[in-house]
Structure formats: structure tokens, C-alpha cells
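This report describes selected features of one protein model. The sequence and structure are shown first.

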Amino acid sequence: MTTTPLPVSVADPATDRTVVGENLSLPLFRTLSGVLAGHPYLKVVVDRAEATWHLLDTAAHPFHVNYIATRVLGMDLAELDARLDEFNASVYMDPERRFLLGVLSLHTDEDREGRERTFLVLETTEADTMHGELLEFFYTFVRERVDGRLPLLLKPANHGQEEALASVSEQRVPRILGHELFGSRVRMPLNTGEATGRLRCFRTVAEYEAAADGLGWSDIVAMPCLPDGVQRVAGFINTAPITPLSHTNVLASGWGIPNAIVRDLDQLVQKDGLEGAWVRYRVREDEITLERLEQAPELRAPAWHQQRIRLEPPLLEDAPVLSLHRLRSADRDRYGTKAANLGELHHVLDSRTADLTAFYGRPRPPRRNLYGHLAARLGLDAPSVTELRAAAASFVAGTVAAPEGVALPFSLLHRFLTSSPALQQGIGKLKMALELDAMGVLDSLCLEIQHLIRHTAMPDSVAGEITRAFPAPLAAGGRLVVRSSSNAEDLPGFSAAGVYDSVTTVRGTGELLDAVRQVWASLLSPRSVRLRHQVGISLDDTYMGVIIQEYVPAALGGVLVTCDPTRREDFRNVYLNCSPGSPEQVVEGEVLPQQYLYNTVEGGGRTVALGSWSEGLPAATRARLADLSLTGRLLQSHFSAPEVDDPLDIEWLLTDQGDFRLVQIRPYAL
């Protein structure tokens with residue numbers, strides 16, 4: 001192909017600098033580019049029919065398809081809106097398409113000798129299904145028109161493109177994978193927001209703990225990896241990689257405070273003298289900033305400081321130990337939110353009567369709904385609404401299972417507490433301290449009560465009801481898992497992620513009763529009491545149920561949320577973290593998990609990060625995770641109703657037998 005520059009074509013010289021057919025130099029790139037995720041970027045359109053390309057002025061043309069339709073094909077926006085899905089399919093999925101759409105972004109890193117290197121990355125949209133031949137053509141076409149002094153790498157936008165490029169030589173198409181580019185990012189948003197406060201930097205957890213009593217709601221805490229027990233402050237900064245689905249980021253999301261990875265914080269602190277200074281901290285999707293303030297500002301207490309959450313009074317009359325499949329969501333007042341949600345999941349899977357399509361039925365302007373996209377994901381051709389609902393229910397029931405187990409009601413904890421005068425006296429003192437706001441004695445009172453709970457003998461009637469719940473596994477020495485199920489967790493505005501205990505290595509009757517007492521005691525830990533007190537949850541209204549399950553070995557486990565935590569307006573993607581073994585490794589931060597995004601509208605997935613592993617999952621496993629992600633999106637229609645756009649937080653595992661089990665399902669705080 002010729003590399004001779006073609007004439008510049010500008011639609012409106014006053015407002016639009018879009019050019020057609022010109023070779024791309026770095027100055028021209030900077031003139032036309034915008035900024036995305038901290039990197040300059042430029043939209044490009046290759047017109048195969050005309051053998052030319054269009055370099056779009058980012059400020060004038062935010063959408064490729066709008067530009068092609070109106071400026072190249074002469075359509076008006078009303079006509080485009082009326083056939084948007086059809087038009088998108090023609091430019092993103094047709095193997096013989098005329099137009100190739102992509103983005104060029106500018107990056108810097110260091111070469112092997114430590115010298116700074118500037119390079120360009122070419123990629124398509126995540127839903128693009130270009131095959132290997134088209135990807136090679138696209139890369140070659142752009143390469144011939146870009147300043148030869150700038151290295152150009154192709155980034156496959158999804159797993160399908162990665163597989164399509166496997167047979168194409170890297171000499172012909174140099175490439176960089178998404179997780180490689182992600183790993184080089186110095187700053188990454190985890191939870192968007194803004195805060196003003198004092199910057200407090202710590203190198204270790206020990207340093208943080210030594211200073212924790214002096215921290216307050218107007219502090220911004222920075223350290224390599226914040227502990228799960230971090231107290232409520234104005235903002236978080238991580239100087240080492242973590243995942244958006246870590247406990248601390250779930251807390252940041254629930255509290256509505258900014259959180260980000262800022263690997264170059266040490267340089268910023270030294271350059272601007274930020275340690276201990278008052279700063280304005282902003283986390284946006286495309287920018288993270290720390291601005292030093294010359295004097296302490298007049299601060300208002302954050303919104304969460306006045307937040308008040310009211311619980312329905314717990315039902316404490318005697319209730320039986322029940323199998324999870326016998327519970328429904330309305331049972332949260334007797335068995336806790338976690339157990340009730342798992343019971344509701346059993347009902348959804350067994351009855352197949354719930355409408356799991358409501359998320360796709362919402363208008364997504366200019367689309368009236370996304371039913372056609374859901375039908376495509378389910379392999380259906382123009383189904384009726386009834387057929388679509390039935391297919392969605394069958395798909396979910398065929399993809400995941402709910403865990404077997406039993407739930408202990410609040411009444412067992414109530415009977416245990418009232419059986420001990422010492423416990424009653426200790427709880428009375430704690431209530432008085434909370435009423436008087438005597439925070440100086442709270443920790444010691446809580447620790448004393450926790451010790452009593454762990455070492456007070458259960459009444460025989462209470463112990464008998466618990467041990468009879470799992471006679472066969474206990475007799476055989478089988479392993480059990482004991483989980484919390486409070487009425488003060490998994491709530492809109494109060495997730496309590498990581499606040500209450502679970503015990504995953506229980507064997508025998510003695511260990512079971514000890515584990516139940518440990519879970520009960522976690523309801524009265526200093527941290528859990530403080531967090532509830534801050535949002536006005538009364539100690540009288542707070543009770544703990546318990547879930548007891550047989551341990552199921554897992555080949556893979558993790559967490560998914562039915563949104564992209566770093567892009568709140570994105571209704572397409574589900575964010576999924578996983579690691580070999582149990583989900584606890586992910587949520588407790590024992591390892592850096594692998595991270596994936598799956599598009600539940602147009603389809604496709606992409607690897608965001610490999611975490612602590614050197615290789616990604618096999619293609620067959622990734623395909624199964626795509627099914628799991630679609631299942632999470634469908635369940636959102638039921639569990640978030642009537643606000644079906646509210647995302648879910650789901651813990652899951654893939655058993656050694658190859659079955660998906662959902663072990664927890666709750667609202668994801670936004």
C-alpha cells in the first residue's frame with residue numbers, strides 16, 4: 001500500500017480537527033488525542049473500500065459508529081439509533097466488514113537498560129470479533145502510516161482475538177497482552193471519589209497499628225496493602241497492586257470513599273512534601289491526583305458520619321435448625337442475610353419460576369431493551385419473552401448449584417447468651433458504654449465478652465440441636481465449614497465485608513461447637529461493634545445466625561461482581577477474580593488473583609491481570625467463566641429487584657468434579 005500522505009479532510013475547521021488519509025506523527029497524535037486511564041489516545045477508522053483511514057478528533061467524535069454513519073455514509077443519528085445493533089454488528093462482527101475500528105494509545109515504560117521507551121498500542125473494542133487475517137491487515141495498514149520511529153504493538157481486545165492471533169507470527173504482528181499492559185500501570189482507580197484530609201503514610205501493618213488509635217475520619221491512609229481491619233477514614237491509597245474485589249475496596253465502595261493504586265506515591269510525597277499534609281485526593285476513571293493544600297481546610301464530617309441504618313427487629317422466638325433449601329429471603333430476620341440469600345438461591349434454581357431477564361428488559365437508549373443480545377448469548381433465534389425467560393432459568397440452573405448445608409437461627413444465640421449471667425452483665429456494660437459514647441473502654445469490654453463467649457459452655461439443648469444438624473459427617477470425621485450469617489451484613493449501605501468470622505477447617509463435634517462460638521463472638525469484636533455504632537445499628541437489634549456446610553474441595557475459587565467496579569456506568573461487563581483453591585484466598589488477600597472482565601451483552605472476555613500466576617487459565621476454563629458471569633448477571637434480575645441495575649457480589653467455587661457452586665450472594669455496594 002502507498003504511504004504517500006493524502007489530503008487532509010476537515011469537516012469544520014473551527015471545531016473539528018479530524019483528518020483523513022494523513023500519516024500520523026507524534027505531534028499530530030497529541031493534537032487529536034484525548035486521555036483515557038491516564039494515557040493519550042486517538043480513535044482510528046480504516047476504510048477498506050477506500051484504502052484510507054480516518055484519524056478522529058477525540059473532542060469532536062466520542063463514538064466511532066456515529067462518525068462513520070454521519071460523516072462517511074451520510075446517515076442521520078435518528079436512522080442510526082433505529083438500527084444501532086444491526087449497524088454495530090456490521091462494523092464489529094461481520095468477517096467481511098468494510099470498516100475496521102480501533103484506538104491508538106501512547107505509553108511509556110523502561111527497556112532492559114532502564115531507558116525510557118515510548119510506544120503506541122493499537123486495539124479494537126472489547127466486543128470486536130476480528131479474525132486473524134483482519135487483525136494482521138489492520139495492524140499492517142496502521143503500521144505503514146505511523147511514524148516509523150515509534151514502536152507499534154497490537155493488543156488483542158478479548159480472548160477470541162488472542163486465540164485468532166496464535167497462528168500469526170509475532171514478527172509480522174508484534175503484540176502486547178492486556179494483562180501485560182495493565183501490569184505496567186503506575187496508577188489505577190479502584191473506587192472513584194474525592195476526599196480532603198491529612199495524608200498518613202505507613203510502610204508496614206505494624207506501623208499502621210501503632211498509629212491506628214490516632215487516626216480519624218479526616219485522614220487518608222496510604223500503605224502498600226491496607227489491612228482488612230482498617231478503620232473508617234476519608235480515603236485509601238495502595239502503593240502495591242491489589243484487586244478491586246479485595247475486602248478493603250469493598251469497604252471503600254460501601255463507605256463511598258476514594259481508593260486507588262498509586263505506585264509512585266513515594267516520589268509524590270518527597271517531591272511535594274505530602275506526608276502529614278492536608279491534601280485533596282481525587283480518584284476518577286481517567287485520572288488520580290493528590291493536591292497539597294497550604295492550610296487546613298474547614299471540614300465537614302463525611303456523609304457516612306451521619307449515616308444511619310435501621311434494622312428490622314430480629315425474631316428471637318425458638319426456630320428450628322433448617323436446611324438451606326428450606327429458607328427464603330424473608331427469613332433473614334431469623335437466620336441472617338447470608339443464609340436467607342442462599343435459601344432464595346435454592347428456590348430460584350429449583351423452581352425455575354423467577355424472571356431472570358429483567359436486567360435485559362430495561363431500556364438502554366437508544367435501544368428499547370437488550371432482549372436480542374440475551375437471546376444471542378443463550379443461542380436462541382427470535383424467542384418470545386416467555387421462551388426467553390424459560391431459557392434463562394434453565395441456563396442458570398444448568399450452570400451453577402447452591403451449597404448444601406443448614407442454618408442456625410438467632411434463637412440459639414439468644415438462648416446461649418441468656419444462659420450465662422456473666423455474659424448478660426458484660427453485654428449490659430457494653431450497651432452502657434455505647435450509650436455514653438465511652439469509646440475508651442469499648443475495646444476491652446468487647447474482648448472480655450468475646451473471651452466469655454468462646455469459653456462458656458453451651459446449654460445441652462443448644463449443643464444438641466447443633467450437633468444433630470450434621471450427624472454423618474461428624475461421625476466420619478468429615479470436614480465442615482462454619483460461616484457467619486448476621487442480620488447486620490450484606491445490607492445496602494453496610495456490607496460488613498470481612499468483619500465477621502468464618503471457620504473453614506472444622507472436624508468433629510468439639511471443633512464444631514468451638515467454631516460456632518467463634519462466629520458468634522465475632523458479632524462483638526471491637527471493630528464490628530464500632531462500625532455498627534458509627535451507622536446507628538443498635539446492639540439490641542444485632543444477632544448472628546450460622547451456616548454449617550460440608551467442605552467441598554475446589555479446583556478454582558473466587559469472587560465476581562456484576563459490574564466493572566472502576567467504570568460505574570458500564571452495564572455490559574462483569575468483573576471476576578479467581579485463584580486455584582477456595583474463594584477465601586481472593587477475598588482475604590492471601591494471593592493476588594487472576595482478574596477477568598466478561599461482556600454479558602455482546603459476549604467475549606478479556607484477561608485484566610494474572611496476579612500471582614505466570615499463566616492464564618486454559619481457553620475451556622475461561623469459556624466456563626463466561627457462562628458463570630452471564631449467570632451472575634441473570635441472577636441480578638431477581639436478587640436486586642426492583643432496582644435490577646444494582647450489582648451483586650458473588651463468591652463461587654469450581655469443584656473438583658467440575659461444578660460451579662455459589663457460596664455467597666449479596667448486594668455490591670456502590
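The text below treats model confidence, salt bridges, cysteines and several individual residues.

## Basis and confidence

The model is predicted, so local features need a pLDDT of at least 70 and side-chain atom pairs count only at pLDDT 80 or more, while totals for chains, interfaces and linings use all residues. Residues are numbered from 1 along each chain as its sequence is written, and side-chain values use heavy atoms, with hydrogens and water left out.

The pLDDT is the predictor's confidence in each residue, from 0 to 100. The protein chain has an average pLDDT of 89, and 93% of the residues score at least 70. Over residues 1–13 the pLDDT is below 50, and beyond near neighbours in sequence this stretch has 24 contacts in the model. A contact here means heavy atoms within 4.5 Å.

## Salt bridges

A salt bridge is a side-chain nitrogen of Lys or Arg within 4 Å of a carboxyl oxygen of Asp or Glu. The structure holds 35 of them.

| Asp-128 | Arg-97 | 2.8 Å |

The location of each pair is given by helices (H or I, at least four residues) and strands (E, at least two), which are DSSP runs numbered from the N terminus.

The side chains of Asp-128 and Arg-97 meet in a salt bridge. Asp-128 lies in the loop between strand 6 (116–123) and helix 5 (132–143), and Arg-97 in the loop between helix 4 (84–92) and strand 5 (99–110), so the pair ties together parts that are 31 residues apart in sequence. Asp-128 and Arg-97 are both buried.

Glu-194 is partly exposed at 47% relative accessibility, and Arg-280 is partly exposed at 23%.

## A buried aspartate without a salt bridge

Asp-564 lies in the loop between strand 21 (554–561) and strand 22 (573–579). Asp-564 is buried yet has no salt bridge, and the nearest side chain of opposite charge, that of Arg-567, is 4.8 Å away. For charge, Lys and Arg count as positive and Asp and Glu as negative, whereas His and the chain ends are not counted.

The side chain of Asp-564 does make a polar contact of 2.9 Å with the side chain of Thr-566. A polar contact is a pair of N or O atoms within 3.5 Å; within protein, one must be able to donate a hydrogen and the other to accept it, and residues adjacent in sequence count only if both atoms are side-chain atoms. Apart from neighbours within four places in sequence, Asp-564 is in contact with Asp-570, Asn-573, Tyr-575 and Leu-597.

## Cysteines

With a disulfide taken as a pair of cysteine sulfur atoms within 2.5 Å, the count comes to zero. Cys-201 is in no disulfide, and the nearest cysteine sulfur, that of Cys-225, is 15 Å away. Cys-201 is partly exposed at 23% relative accessibility, and Cys-225 is partly exposed at 43%.

## Other residues

Arg-606 lies in strand 24 (residues 605–609) and is partly exposed, at 23% relative accessibility. Its side chain makes a polar contact of 2.7 Å with the side chain of Glu-126. Not counting residues up to four places away in sequence, Arg-606 touches several others, including Ala-157, His-159, Asn-573 and Leu-597.

Ala-222 lies in strand 10 and is buried, at 1% relative accessibility. Beyond four places in sequence, its contacts include Leu-199, Cys-201, Ile-237 and Leu-265.

How values were computed: Buried < 20%, exposed > 50% of the residue type's maximum accessible area, 1.4 Å probe, protein only.
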